[in-house]
Amino acid sequence: MGATTTDGFAIRCEVLRLSAQPSGPVLLFQFLLDCGVAGLFAWRYSVPHALAWIALIAATTAYRGFFPQRLPTPLTPDNLQPALREHTLRIALHEGAHGLAGILLFDPADSTSQLLIGLVVMAMTLSSAFSVSYYTPAMRLAITLLLAPTIAMGLTVGAPLMTVLSLLGIGLLAMVWKLVAERARQLEENIGLRHNESALREQALAGLHESQQAQAERLRFFSAANHDLRQPVMAMGLQAEVLRQQLSAGEDMVTVLGTVAALSRAQQALEGLTNQLLEIGRIEAAADPISPVAVALAPLLSEFARQAGSGRVRVRCPADAVVWTDLVALRRILGNLVDNALKFTPRGRVLLACRRRGEAWRIEVRDAGIGIAPEAQERVFGDFEQVGNIERNLQRGHGLGLAIVRRLALRLGVQMSLRSAPGRGSVFAFELPAAPQGVPLAPVPGAGAETAPEPQTLRPGLVVLVVEDNAVVADSISALLRLWGARPRVCGSAAEALALPDLAAFDIALCDIRLPGHIDGIALAKELQRRRPSLAIALVSADIDDATQKLALDRGWQALRKPVQPATLRALLLRLQR
């Protein structure tokens, strides 16, 4: 018992020493970012409010930077607890000052500014969670003081979209609380190993160093994500203001449409990055189990060639090439490799090739693009790394495609190889084991299917049931449907939809999955199909995963993951209309 108490004291001392280390460069860099945020909101909202906020930040930054905490020497059970309380107070003051941005920079009259401050504070929260302290009580208090004011303002006086973002902020707060505790637990375990036995000292130190490296890498990841998230968000805010002033000034339609197009590009960049970050999160959380099946490569590779269009992708694959792997992970790997090859091959074609290698099949994605220098070939699989895109043009991606490939390859237990030279293209390759003889082939969705040409216009008077509880989204979908000549009918819940007396009048049903009440969108779709088998049904939700896609395929439904582009929604309606 005494040994355990001693180990716990030693661990807390080590955690405090690590947390109280001077961090002048980090504070300076953070203060420069804060100045940028203050400048943006001084321009968009209020100069006095922005000056008041940056003054508070300057005061707390100077306090932490020029008057760092001096720990007692030596630390004892009597002076450790007061030192931990002082550390917690210092961290809380600094992060609480940052949190006041949610009040001082919150513009009740401008929904765009509200979204900007919400996203900025969330980014601050993610960055702080991995860089400010290793002491759990201090970090939990700090991130609560950082995020709570924005959440409170969003829920009380925020616009509808800001209210939704505030609810997401509550989830983010809970997630970061858990991440902070988990990180502290892992750190304490590493420190404990070092103190438990002298024979394991070097191993414990190596583990701690590895843990710190992992945290630094994670911080770099979130910092890069924070940077790339802010770019389109800021662009959307600026373009929205430009559009407002153009409309007020009565600018011509060509000018207005140019601004709308810029808004759309920024939104697409934000959507693409969000989807990739979510995919990385699912991979690292092992949310999708690996289920090996027999996959015929020829139809799968041909499907990617058809999707690329314009004959830019050619396939060279024996008809008997069958591998034993997870179909979903393989499709993601190939999809990212093909997309990367096309992106960096302005002219020429991409070749998907396959050949036998003993008891395995080697799959190659060859391009005739710009190529990669030898010293950069290891880097291309890193997060936010883009060779040949130094200017960080978001229209050319975010540098996460090959990072996703690396993570998926690790989950499958395969080794990616790269052969390339500047100006001579690249060859990405990996090997998969051949499938056992006699195993039935897994169906490849979409492969080999001949689709009839779709009509170009919606049938006049098409009646569409829209089951969506978010009023902003429902209004937007309804407005689009009316522009296209359809007749939408909106219900805010499954119960409201099932209570409609005229279900026979509807041609198509668009159902969100997460709905208020006891019946979700999937149960609603099943009941609608039971009552009216001929009704065309599509699930339109942010909760679309591989299991939901499979269920929709088995039931004859369609599934679209939010956010949905207007062109995608129109194509869906064209496909579903009878």
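The following legends describe close-up views of a predicted model of a protein chain.

Residues are numbered from 1 along each chain as its sequence is written. In this predicted model, local features need pLDDT of at least 70 and side-chain atom pairs count only at pLDDT 80 or more, whereas totals for chains, interfaces and linings use all residues; side-chain values use heavy atoms, with hydrogens and water left out.

**View 1. Overview of the protein chain.**
The secondary structure comes to 18 helices and 12 strands, where helices (H or I, at least four residues) and strands (E, at least two) are DSSP runs numbered from the N terminus. Of the 578 residues, 46% count as buried; buried means under 20% relative accessible area, exposed over 50%, and partly exposed in between, with a 1.4 Å probe and protein chains only. The chain exposes about 28900 Å², of which carbon and sulfur atoms supply 60%; accessible areas come from the Shrake-Rupley method with a 1.4 Å probe, and for residues only the protein chains shown count as cover. Among contacts (heavy atoms within 4.5 Å) with a separation of 6 or more, residues 24 or more positions apart account for 73%.

**View 2. The parallel sheet β9-β8-β10-β11-β12.**
These 5 strands form an open sheet with parallel pairing; two strands pair if DSSP finds at least two bridges between them. Strands β9 (487-491) and β12 (558-561) stand at the edges with a single partner strand each, so one side of each is left without a neighbour in the sheet. From one strand to the next, the twist averages 20 degrees. Axes are lines fitted to C-alpha atoms, for helices over the stretch in contact, and angles run from 0 to 180 degrees between N-to-C directions. Helix α18 (residues 566-576) lies across β10, β11 and β12 and runs at about 175 degrees to β12.

**View 3. Strand β10 and its two partners.**
Both faces of β10 (residues 508-511) are covered: Ile-508 and Leu-510 on one side, and Ala-509 and Cys-511 on the other, are all buried. Strand β8 (residues 463-467) runs parallel to β10 and is joined to it by 4 bridges; Val-464 has Ile-508 as its bridge partner in β10. Another 4 bridges join β10 to the parallel strand β11 (residues 536-541). Within this pair, Ala-509 stands opposite Ile-537, and Leu-510 stands opposite Ala-538.

**View 4. Pairing of β11 with β12, and the crossover that joins them.**
Strands β11 and β12 run parallel and are joined by 4 bridges. Val-540 stands opposite Leu-560 in β12. The chain passes from β11 through helix α17 (residues 546-555) to β12 in a right-handed β-α-β crossover. A crossover is right-handed if, with the strands pointing away from the viewer, the path from the first strand over the helix to the second runs clockwise.

**View 5. The mixed sheet β2-β4-β5-β7-β6.**
This open sheet of 5 strands has mixed pairing. At its edges stand β2 (313-316) and β6 (417-420), each with a single partner strand, so one side of each is left without a neighbour in the sheet. Neighbouring strands are turned by 20 degrees against each other on average, direction ignored. Strands β2 and β4 run parallel, joined by 4 bridges, and the bridge partner of Val-315 in β4 is Leu-352. Helix α11 packs on the sheet, touching β2, β4 and β5, and its direction makes about 170 degrees with that of β2.

**View 6. The largest nonpolar core.**
A nonpolar core is a set of buried Ala, Val, Leu, Ile, Met, Phe, Trp, Tyr and Cys residues joined through side-chain atoms within 4.5 Å. The largest has 41 residues, of which Leu-297, Leu-330, Leu-334, Leu-337 and Phe-430 touch the most other members. Two or more residues each come from α11 (297-308), α12 (327-343), β4 (350-357), β5 (360-367), α13 (401-412) and β7 (426-433). Helix α12 gives the most, with 8 residues. Not counting residues up to four places away in sequence, Leu-334 touches Leu-300, Leu-301, Phe-304, Ile-363, Val-365 and Phe-430. Apart from this core lies another, of 34 residues, with Val-37, Leu-40, Val-132 and Ala-142 among them.

**View 7. Surroundings of Thr-136.**
Thr-136 lies in helix α7 (residues 136-157) and, at 17% relative accessibility, counts as buried. Leaving aside neighbours within four places in sequence, Thr-136 is in contact with Val-180, Ala-181 and Ala-184.

**View 8. The cis peptide bond at Pro-74.**
Thr-73 and Pro-74 are joined by a cis peptide bond, with omega about 0 degrees. Pro-74 is found in the loop between α3 (47-66) and α4 (77-99).
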